[in-house]
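Please read these points with the structure open beside you.

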Amino acid sequence: MPKSLSELTTIRVGGTPANMFVATTRDELISSAVETWSEADQWFVLGGGSNIVASENLEEFSVIKTENFGIEREGSTVRVQAGENWDNFVAYTVANNLTGVEALSGIPGCVGAAPVQNIGAYGQEVAETISRVEFLDYKTHEVVELTAAELGFAYRDSIFKSGGRLGVITWVEFVLEEFQPEREALVRLTEALGRPVTNPAEVRESVIATRALKGMVLNEADHDTWSCGSFFTNPIVSDGFSRSIPGDAPRWLQEDGSVKLSAAWLIENSGLPKGFKLGDSQAALSTKHSLAITNRGFATAEQVRELASFIQLQVANRWGVNLVPEPNLIGF
Ligand SMILES: Cc1cc2nc3c(=O)[nH]c(=O)nc-3n(C[C@H](O)[C@H](O)[C@H](O)COP(=O)(O)OP(=O)(O)OC[C@H]3O[C@@H](n4cnc5c(N)ncnc54)[C@H](O)[C@@H]3O)c2cc1C
């Protein structure tokens, strides 16, 4: 009997799917995906469930769960199986004096999902270090190797997230660098973290400490972490439009002249303080970070969806900006 998605996702909502295949090796991942596709029209891949909001109605869905572990290293090239825990991989790189993903410490989930939304934090994006992925294509059932240039990486986006390629990532290959003390990247990280860091281990420690204060490190006892992390991406608008937002709001100029706004600022300045909830709903904004929708204990998928829609409406009415959800909404 498959488990309910409320037990398998970090926001802890969602129903029970019809079937679930748990793949513990790359070959099993491929064979279980092909088998699933021959039997079910509605399916999805599940890693750590930290970026999925599933509806209560999953009876028509089959799930392929990645539990294929393994990290292999050749010089500074590291190949990691899709089911490996992301943070274990980061810890491995830091312990081996490799740099490139240390600012992504503490992000929950599996390595196979990292390219899907091009995970990022504190000035690093995983697109900077991924060289290749192995991918089983839903349409052709072929296993192909795709290079980073083919993955359409952008801010919290890739061809996998935008629907350009449907299928399963089986492993991800990273090209990292041996840490050199004078590395420019550390200067960038020092700026992003607001405190001086001199090596990847210090970056890791500092990032995890900073994230914990914001409820962005999973903690069973802390409802502020029963979430999907940020629920909305930071909107990118034209320079002209950005001038309609008050000057004290954070704004980041992009290479193409557009401007990235802070979704957290827009929410807080639309009359929605940290901890906000609708009536007696069990879904609420985190008390530590206004961008995270959290489950206070017994939230339903519908309550999460309702709060997300309410936030979108408030921000659209106040600022004319359409907030786009970051997590993958399944079965709504
Ligand atoms: C407390 C918290 C903090 C977070 N902080 C950050 C952050 O700082 N930065 C950030 O970018 N994200 C953050 N996230 C979001 C999330 O952790 C990442 O997106 C993570 O990469 C999701 O991994 P997962 O294995 O849990 O994916 P899942 O939630 O299981 O899946 C996410 C999506 O990827 C697809 N997918 C998963 N594995 C595969 C595969 N092998 N092949 C094809 N498709 C696949 C799924 O079908 C789904 O569409 C945070 C989440 C939480 C709960």
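**Notes on a domain interface and on salt bridges**

1. Across the interface of domain 2 and domain 3, the rule finds 0 salt bridges. Polar contact is found there, however, in 3 residue pairs, both residues of each at pLDDT 80 or more. On the side of domain 2 that touches domain 3, the residues are 2 nonpolar, 1 polar and 2 charged. Note that this is a predicted model.

2. For orientation, the protein chain is split into domain 1 (5-66), domain 2 (71-212) and domain 3 (223-327). The centres of domain 2 and domain 3, taken over C-alpha atoms, lie 25 Å apart.

3. How is the size of an interface often given? It is often given as the accessible area lost when the parts come together. Between domain 2 and domain 3, about 420 Å² is buried, and carbon and sulfur atoms give 47% of that area. The contact involves 5 residues of domain 2 and 6 residues of domain 3.

4. Salt bridges do occur elsewhere: a search of the whole structure finds 18. As background, side chains of opposite charge can pair when their charged atoms come close.

5. One of these salt bridges joins E220 and R12, with 3.6 Å between the closest N and O atoms. The two residues are 208 residues apart in the chain: E220 is in the loop between α5 (200-213) and β14 (236-237), and R12 is in the loop between α1 (5-8) and β1 (19-23). Is E220 buried or exposed? E220 counts as exposed because its relative accessibility is 61%, over the cut-off of 50%. R12 is partly exposed, at 26%.

6. E173 and R132 form a salt bridge with an N to O distance of 2.7 Å. E173 belongs to strand β12 (residues 167-175) and R132 to strand β10 (residues 130-137), so the pair links parts of the chain 41 residues apart. E173 counts as buried, at 8% relative accessibility, whereas R132 counts as partly exposed, at 24%.

7. Strand β10 also holds D137, whose partner R165 is in the loop between β11 (143-147) and β12, 28 residues away. The side chains of D137 and R165 meet in a salt bridge at 3.0 Å, N to O. D137 counts as buried, because its relative accessibility is 8%, under the cut-off of 20%. R165 is partly exposed, with a relative accessible area of 27%.

8. Which residues are linked with R132 and E173 in a network of salt bridges? R79 and E145 are the others in that network.

Terms used:
Residues numbered from 1 in each chain as written. Predicted model: local features only at pLDDT ≥ 70, side-chain atom pairs only at ≥ 80, totals over all residues. Heavy atoms only, no water. Domains from an automatic or database assignment. Contact = heavy atoms within 4.5 Å. Buried area = accessible area lost by both parts, 1.4 Å probe. Salt bridge = Lys/Arg side-chain N within 4 Å of Asp/Glu carboxyl O. Polar contact = N/O pair within 3.5 Å; in protein donor to acceptor, adjacent residues only side chain to side chain. Nonpolar A, V, L, I, M, F, W, Y, C, P; charged D, E, K, R; others polar. Helix = DSSP H or I, 4+ residues; strand = E, 2+ residues; numbered from the N terminus. Buried < 20%, exposed > 50% of the residue type's maximum accessible area, 1.4 Å probe, protein only.
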